[in-house]
Amino acid sequence: MRLPFVFGLTLSIAAAPALAASSDAAHKLAQDAIIVDTHIDAPGELMSHWDDLGEATPKKEFDYPRARQGGLKIGFMSIYTSPDEDDAGTAWQIANAQIDAVEAMVGRHPDKFAKLTSPADVARLRSGGKVLLALGMENGAPIGADLSQLAAFHKRGVRYITLAHSANNRISDSSYALQKKWGGLSPFGEKVVAEMNRLGIMVDVSHLSDDSIRDVLAATDVPVIASHSGMRHFTPGFERNISDELAKAVAAEGGVVQLVFGTGFIDAKAASDLQASFQAEADFDRENAALVAAGKPARSKDDFEKAWKDAHPMPVTHIEAVLDQIDYAVKLIGIDHVGIGSDFDGVSGNLPVELKSVADYPNLVAGLQARGHSDADIRKILGGNLLRVWTAVEKAATAR
């Protein structure tokens with residue numbers, strides 16, 4: 001997900017002492033644990049501006065040196081396509097180009113990166129300090145109406161698919177859509193879920209409407225993930241974040257909720273503003289259509305977006321907001337069903353002050369340690385739970 005608001009901040013003095021007190025233990029655990037971040041938007045950023053992510057790239061939030069510094073072992077590279085690209089018929093092309101970009105990273109730096117397609121290969125591929133790159137497809141648009149494209153993208157390495165993004169599509173309704181098209185999954189979407197189960201592609205319910213998540217859980221016969229969601233408890237009325245009811249349902253089926261870091265999902269005001277922006281944009285488009293119909297000039301969309309951003313500045317958030325989400329989720333659904341999906345490089349820099357890049361996972365570890373989580377439980381949150389689900393999905397597909 002790409003949010004339009006940008007700000008630049010540094011570590012707050014108030015937050016620093018608590019983190020520094022546990023820094024040695026936190027860094028040690030971060031380096032030793034298998035950290036799995038299920039949502040990093042590096043491929044889309046490379047399409048906008050190419051950089052060699054094997055080297056230090058300060059203007060982006062993921063690169064090899066900082067991944068090593070932060071202890072990241074597995075980063076799911078987000079193969080993101082927008083609803084507009086779906087409408088234009090370009091989603092398939094763009095998705096394949098982004099996969100090529102990930103493969104080029106590996107090919108350019110085989111000593112630093114390796115492409116990961118199975119949890120069984122983690123130990124072997126990690127040798128030499130490599131950061132493993134897995135593929136998650138954000139928005140099922142690239143498969144079009146062709147179910148066989150699932151096998152094609154699986155062959156290319158895609159191991160989860162977020163069924164929809166910010167608009168309804170052929171597969172599912174979106175949480176952001178003001179008007180739902182299907183009332184959940186479409187008939188085609190039910191076939192998509194079944195085929196993903198057959199192939200061993202994890203079904204991702206982030207971005208889906210509540211009814212769509214219910215339909216997914218009724219249709220799947222393996223656990224599912226929410227690759228980058230917040231807990232709606234903290235953002236009432238914001239459907240993009242997962243409700244307590246549905247989080248418990250995901251956990252009951254053995255799945256995992258990967259908690260997001262982006263300010264727009266962890267701060268109530270930011271989430272409310274984001275939700276309101278969709279209605280404001282719909283109103284603007286309707287008014288513009290009326291102007292054009294009356295033979296009058298349309299208003300500038302760029303001017304509208306700038307005015308909206310100026311009137312709704314993004315609040316400053318701190319790591320405590322993410323820790324609160326984790327604590328709440330652990331109490332609600334259990335330690336075995338919580339993970340992390342940062343949305344680095346996908347939220348225009350709108351992140352907690354202490355979680356600005358892949359170098360900062362030790363800050364999260366320190367915060368969890370300070371709140372009394374055991375190292376064994378922290379390992380589960382950092383990646384163990386996700387690897388368990390991925391293994392279960394792969395095993396079920398192999399057994400078919």
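A crossing of two helices counts as right-handed if the near helix is turned clockwise from the far one, by less than a right angle. In this predicted model, that is how H8 passes H9. Helix H8 covers residues 148-155 and helix H9 covers residues 187-199, and the two pack with their axes 10 Å apart, at an angle of about 35 degrees. On the H8 side, the touching residues are Leu-150, Ala-151 and His-154, while H9 brings in Val-192, Glu-195, Met-196 and Leu-199. Sorted by class, five of these contact residues are nonpolar, one is polar and one is charged.

Next come the nonpolar cores. The largest one holds 90 residues, and Phe-62 and Leu-163 have the most contacts inside it.

"Buried" here means under 20% relative accessible area. The buried set starts with Tyr-361, Pro-362 and Asn-363, carries on through Leu-364, Val-365, Ala-366 and Gly-367, and ends with Leu-368 and Gln-369. Just after H16 comes Gly-372, with a positive phi of about 95 degrees.

How values were computed
Residues are numbered from 1 along each chain as its sequence is written. This is a predicted model: local features need pLDDT of at least 70, side-chain atom pairs count only at pLDDT 80 or more; totals for chains, interfaces and linings use all residues. Side-chain values use heavy atoms; hydrogens and water are left out. Axes are lines fitted to C-alpha atoms, for helices over the stretch in contact, and angles run from 0 to 180 degrees between N-to-C directions. Helices (H or I, at least four residues) and strands (E, at least two) are DSSP runs, numbered from the N terminus. Contact means heavy atoms within 4.5 Å. Ala, Val, Leu, Ile, Met, Phe, Trp, Tyr, Cys and Pro count as nonpolar, Asp, Glu, Lys and Arg as charged, and the others, Gly among them, as polar. A nonpolar core is a set of buried Ala, Val, Leu, Ile, Met, Phe, Trp, Tyr and Cys residues joined through side-chain atoms within 4.5 Å. Buried means under 20% relative accessible area, exposed over 50%, partly exposed in between (1.4 Å probe, protein chains only).
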